[in-house]
Number of protein chains: 4
Amino acid sequence: MFVSETQIRVRYADTDQMGVVYHSNYFDYFEVGRAEAIRQLGFTYAQMEDDGICMPIVDAHARFLRPALYDNLLTVKTTLKELPIHHKIEFHHEIYNEKNELLCSGKIILYLMEKSVMKRSVLPEVLRKMLLPYFQ
Amino acid sequence: MFVSETQIRVRYADTDQMGVVYHSNYFDYFEVGRAEAIRQLGFTYAQMEDDGICMPIVDAHARFLRPALYDNLLTVKTTLKELPIHHKIEFHHEIYNEKNELLCSGKIILYLMEKSVMKRSVLPEVLRKMLLPYFQ
Amino acid sequence: MFVSETQIRVRYADTDQMGVVYHSNYFDYFEVGRAEAIRQLGFTYAQMEDDGICMPIVDAHARFLRPALYDNLLTVKTTLKELPIHHKIEFHHEIYNEKNELLCSGKIILYLMEKSVMKRSVLPEVLRKMLLPYFQ
Amino acid sequence: MFVSETQIRVRYADTDQMGVVYHSNYFDYFEVGRAEAIRQLGFTYAQMEDDGICMPIVDAHARFLRPALYDNLLTVKTTLKELPIHHKIEFHHEIYNEKNELLCSGKIILYLMEKSVMKRSVLPEVLRKMLLPYFQ
């Protein structure tokens, strides 16, 4: 299992007239969680794209328990429960506020694709090696 | 069953560097679908908020089958399969492109809440009456 | 002078906790105004990009007079005061609410660029011909 | 003069199909710059709103020199050139990439307003005192 954490400060633009973070922004926060998870491994998603791999999202799910508020410093916890062996990769996300209350949890499924031909691919070997120690 | 359709033109701002609509925007499109569904009944969500009811989202799920592209004229089909009897309301959404290909489907669960006290509420009577003929 | 009008319904996602449309969204509305202006001429910006021209924004200015509110049906008025002869194109935008009150005015300057080499270009001949009658 | 700096990582959601940050996002980055400037003084904009002051934007201008790209770590430099004495406050913003190239500069004018009655107000005394040393 690979777990990573990063922090996000809620922007004014993310709030809505209910006075809370509008729900679709949480999916952007999840994406930041994934990018930082890959960076903490020593790689970047930007590098993956340069190497010809892209990762379109095929399934996105989130449950909203408590609202995030403007200026809250959120912790996004991103978990990879299994090492992807095929073209599918599944991230679990949890978002906490400063009181360590769980605000939102979600699961995002992405496909690993060869960008030039948009065909299914697998995890780049360099990233697979970086992840391997967490799954032994 | 109550079914409603509305159209959305994809904006440049909605695209990402993969050349397709970034996934979290579909949740904004779903929201447009719900707003127009209520308007087609003869009511508005804005009016509901003025009447003291708000509808925070508690669960959001989407599956992405094909990408939407810049300037595509999308059809958002919004379905209410059951007349809500308690505080929970569930919308099903499907998004089609101009070739009538299904791009994305989703389900959004919202709670009906009394805004002033943030307590669970039920569907406003006026809206319930408008919906009733579709569920008989 | 070429003047075009289009309508935009304010989405919930566009509001902020002040209960009004967050300012950066008006720039997205302006972009919709430009896209619809080109469409009303009989061309599309999507077609321009397919033809190898892109139009990055080099300058954006907006003045905010009155707030737009959730569910307002806005009219975006887009004006081209001069036929562009070089690589620069300048759009003026005004946004009105349903009471015909001016909410926001702005000016966006874009460069016409040849996409493949990112060099300055000029207005595609087909679009120049469509615009010509408005400037004689 | 009061100058403050903060960093922002470009999100995937902020890019468009031209492969660069879509222009309206820079206004969101500017807003982060202002929020962090106030925080570095020892106050927060959130606290200001709790104290009954809000700051709607009346004028926004940006010039775009070079594109910001996905995953770029941007530096937002926020400058207050004058201590506001009336209801008007003017922020200057500059955004740099990791090579210290200037990507974008802008000026945002806001009004200080008493939220409850939406009447013009002045800088809260506590914030004025924090700013005073920078303007002597």
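Which residue just after α1(D) takes a positive phi? The structure is a predicted model, in which local features need pLDDT of at least 70 and side-chain atom pairs count only at pLDDT 80 or more, while totals for chains, interfaces and linings use all residues. Residues are numbered from 1 along each chain as its sequence is written, and chains are lettered from A and ligands numbered from 1 in the order in which they are written.

Of its 17 residues, 13 are buried, so α1(D) is largely enclosed by the rest of the structure (buried: 20 or more other C-beta atoms within 10 Å of a residue's own, with C-beta atoms placed from the backbone). The residue asked about is Gly42(D), with a phi of about 110°.

Chain D also holds an open sheet of three strands in the order β2-β7-β8, with antiparallel pairing; two strands pair if DSSP finds at least two bridges between them. Its edge strands, β2 (53-54) and β8 (119-120), each pair on one side only. Two bridges join β7 (residues 113-114) to β8(D), and Met113(D) has Arg120(D) as its bridge partner.

Elsewhere, 11 residues of chain C are in contact with 11 residues of chain B (contact: C-beta atoms, placed from the backbone, within 7 Å). Helix α1 (residues 25-41) of chain C gives the most to the chain C side, with four residues.

Methods: Contact = placed C-beta atoms within 7 Å. Buried ≥ 20, exposed ≤ 12 C-beta atoms within 10 Å, placed from the backbone.
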